[in-house]
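Thanks, everyone. Let me put the chain on the screen, and then I'll walk you through it.

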Amino acid sequence: MNGSDQVPDDFRELIEAYALGALDSEERAAVAAHLVIGCAECTKALLESRWMVSQLAHLSPESAPSDMLRGRLMHTVGAEAAAAEPTASAAPKSAIPLWMWGAVAAALFFALYNAYQARVTTTTIQHTRVELEKQIHMQQESARELAVARREALILTDPKSLKIAMPAGTKDLPVLRATWNPELGLVVSGQKLQVPSGNRTLQLWLIPKAPGSKPLPSSTLRPGADGKFDLLVADPPDSPSATKALAITDEPEGGSPQPTTTPIWMGAVAIK
């Protein structure tokens with residue numbers, strides 16, 4: 001369906017009655033369930049029906065109801081006028097029938113009620129959408145963490161991986177352990193590390209074997225609140241055979257192109 005005029009007549013009448021609040025609980029639940037799935041045609045038809053109800057409630061002289069609503073009103077007015085014809089001639093021509101005041105009051109009531117219902121429905125849909133987005137984000141984050149854990153496990157258990165001890169320059173700091181697989185990447189881990197102060201972070205460097213070469217910057221990571229350090233570098237900037245040592249320094253958040261402090265940890269890359 002490409003528009004509200006494509007909605008079947010029987011269902012269109014249900015939607016119009018829904019806009020007026022004139023459905024029983026079972027019909028109202030069925031229409032609401034259909035609208036929640038996002039049917040564009042029926043949603044448009046509901047908006048049109050609510051617009052017509054609000055126009056009738058405000059009795060705005062500048063606006064005119066749609067042909068469909070005008071036909072329904074004229075049919076109702078004609079039927080009631082025919083029933084009241086014997087007594088209508090005695091009433092002044094300028095008098096407004098009581099039934100019209102009742103119709104206006106009912107239309108105003110339904111307009112206010114449906115405006116409230118629309119706000120409740122919109123709020124519910126928005127809340128549901130937010131919760132769904134949160135669930136999707138959590139699933140994506142869980143999938144990412146699982147992929148990282150699998151890759152780290154492969155690096156740590158592969159016989160081709162190179163084990164590198166990275167002792168600290170001071171005795172009061174723990175030793176870090178690096179495991180480097182030529183194909184899968186590099187993992188550096190440690191326990192009971194102090195969290196760098198302020199907006200500082202720990203940065204990994206690869207020291208090339210070539211004389212005069214500058215340290216190659218790699219990834220940064222702040223230890224967790226529990227002091228755990230677990231850094232995965234999927235694509236190191238150089239190969240184990242071309243690297244003399246690994247080093248970690250304390251750098252500004254985001255890392256540096258070249259070290260700005262003395263390495264805290266360093267370990268030699270010994271190729272067998």
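Which residue in strand 2 is the bridge partner of Lys 163? It's Thr 179. Keep in mind that this is a predicted model.

Strand 1 covers residues 162-166, and strand 2 covers residues 176-181. They pair in the antiparallel sense, over 5 bridges. Now look at the side chains along strand 1. They alternate. Leu 162, Ile 164 and Met 166 point to one face, and they are buried.

Step back to the whole chain. There are 6 helices and 8 strands. Read along the sequence, the pattern is α-α-α-α-α-α-β-β-β-β-β-β-β-β. The chain has 272 residues, and 28% of them count as buried. The accessible surface comes to about 17,300 Å². Carbon and sulfur atoms own 60% of that surface. Now the contacts. Take those in the chain with a separation of 6 or more: 60% of them join residues 24 or more positions apart.

On to the cores. The largest nonpolar core has 20 residues. Which residues have the most contacts inside this core? Met 166, Val 188, Leu 204, Leu 246 and Ile 248. Strand 1, strand 2, strand 3, strand 4, strand 6 and strand 7 each supply at least two of its residues.

Zoom in on Leu 204. Set aside its neighbours within four places in sequence. Its contacts then include Leu 186, Val 188, Leu 231, Val 233, Leu 246 and Ile 248. Pro 217, Ser 218 and Ser 219 are also among them.

There is a second, separate core, with 11 residues. Ile 15, Ala 17, Val 31 and Leu 35 are among its members.

Now the helices. After helix 2 comes Gly 38, with a positive phi near 90 degrees.

Helix 3 spans residues 40-58, and Met 52 lies in it. Is Met 52 buried or exposed? Buried, because its relative accessibility is 5% and the cut-off is under 20%. Met 52 and Leu 20 are 32 residues apart in sequence. In space, their C-alphas are 9.9 Å apart.

Next, salt bridges. How many are there? The count comes to 4. I'll show you three of the pairs, one by one.

One is Lys 134 with Glu 131, at 3.8 Å, N to O. Both lie in helix 6, residues 98-157. They are 3 residues apart, about one turn of the helix. Lys 134 is partly exposed, at 46% relative accessible area. Glu 131 is partly exposed too, at 33%.

Another is Lys 160 with Glu 183, at 3.4 Å, N to O. This pair links distant parts of the chain, 23 residues apart. Lys 160 sits in the loop between helix 6 and strand 1. Glu 183 sits in the loop between strand 2 and strand 3. Glu 183 counts as exposed, at 58% relative accessibility.

Then there is Asp 250 with Arg 200. Their closest N and O atoms are 2.7 Å apart. Asp 250 lies in strand 7 and Arg 200 in strand 4, so the pair ties together parts that are 50 residues apart in sequence. Asp 250 counts as buried, at 19% relative accessibility. The cut-off is under 20%. Arg 200 is partly exposed, at 26%.

Where is it? Lys 192 lies in the loop between strand 3 and strand 4. Its relative accessibility is 74%, so it counts as exposed.

That's my tour. Over to you.

How values were computed: Residues are numbered from 1 along each chain as its sequence is written. This is a predicted model: local features need pLDDT of at least 70, side-chain atom pairs count only at pLDDT 80 or more; totals for chains, interfaces and linings use all residues. Side-chain values use heavy atoms; hydrogens and water are left out. Buried means under 20% relative accessible area, exposed over 50%, partly exposed in between (1.4 Å probe, protein chains only). Helices (H or I, at least four residues) and strands (E, at least two) are DSSP runs, numbered from the N terminus. Two strands pair if DSSP finds at least two bridges between them. A salt bridge is a side-chain nitrogen of Lys or Arg within 4 Å of a carboxyl oxygen of Asp or Glu. Contact means heavy atoms within 4.5 Å. Accessible areas come from the Shrake-Rupley method with a 1.4 Å probe; for residues, only the protein chains shown count as cover. A nonpolar core is a set of buried Ala, Val, Leu, Ile, Met, Phe, Trp, Tyr and Cys residues joined through side-chain atoms within 4.5 Å.
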